[in-house]
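Here is a short report on charges and rings. Keep the sequence and the 3D view at hand.

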Amino acid sequence: MADFQYYVASSLDGFIATKEDDLGWLLQFEEAEGVTESYEDFMAGIGCIVMGGQTYRWLMEHEPGKWPYPGIPCWIFTHREYAAPPGADVTFVRGEVEEFAPDLIADAGDKNVWLVGGGNLVAQFARAGLLDEMIVTLIPVALGSGKRLLPVESPTAPLELSSSRTLGGAAVELRYRFPARAGSAGPVLPDHVGNPGS
């Protein structure tokens, strides 16, 4: 069965973007040694992509006329009305993430589901027990404030570090597995973790 994976870059102080959605601090490292290879290796295992409406809007504003995920089904969780790029396999939905999990797994086929973000949407998957792995690249920059990496409202169960490596001599890629529930492939979080919204 497909894993739900959160593949993301974070500042040292736990933010994935500034409050204004500026990613300049991150993009300066995109040519670092090993970064492209890491992304390509990860994407080779992805059969379905999930993102929130704000992330989708950012892509449309910063990559006009260029859809970065051709040939991969992409699901957008949003309460707003958006148009899909020409030729892109995009589905717009609203509702609880667990309601759509079987469809996401079916679209992924024998590959995995990439939870692109933002953090609020991924936190909903975590709350629903649908976050299997977090692959976070720590970028050697502190932002001071911004959009949080994984804004759960209470501590998660301890995660298992499955691997780590240095990229470009400065960034560090960490792979964490969420603990599985007994008799289930899905992860477990405390029952009192709240829903932070999408």
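## Surface charge

A patch is built from residues with over 30% relative accessible area and no salt bridge, like charges being joined within 9 Å. Asp and Glu count as negative. One negative patch on the surface gathers D89, E96, E98, E99, D103 and D107. Among them, E99 sits in helix α4 (residues 97-108).

## Basis

This is a predicted model: local features need pLDDT of at least 70, side-chain atom pairs need pLDDT 80 or more, and totals for chains, interfaces and linings use all residues. Residues are numbered from 1 along each chain as its sequence is written, and side-chain values use heavy atoms, without hydrogens and water.

## Salt bridges

The structure holds seven salt bridges (a Lys or Arg side-chain nitrogen within 4 Å of an Asp or Glu carboxyl oxygen). R57 and E61 form one, at 3.9 Å from N to O. They lie four residues apart in helix α3 (residues 53-62), so about one helical turn separates them.

R177 bridges to E133, with the closest N and O atoms 3.8 Å apart. R177 is in strand β10 (residues 171-177) and E133 in strand β7 (residues 133-139), so the pair ties together parts 44 residues apart in sequence. A network of salt bridges links D3, E133, R175 and R177.

## Aromatic rings

There are 15 aromatic pairs (ring centres within 6.5 Å; stacked under 30 degrees, edge-to-face over 60, the rest tilted). F4 and F125 are tilted, because their planes meet at 35°, with centres 5.7 Å apart.

Notes:
Patch = residues over 30% accessible without salt bridge, like charges linked within 9 Å, V, L, I, M, F, W, Y side chains within 5 Å. Areas by Shrake-Rupley, 256 points an atom, 1.4 Å probe, with all protein chains shown as cover. Charge placed at Lys NZ, Arg CZ, Asp CG, Glu CD. Helix = DSSP H or I, 4+ residues; strand = E, 2+ residues; numbered from the N terminus. Phe/Tyr/Trp six-rings, centres within 6.5 Å; stacked < 30°, edge-to-face > 60°.
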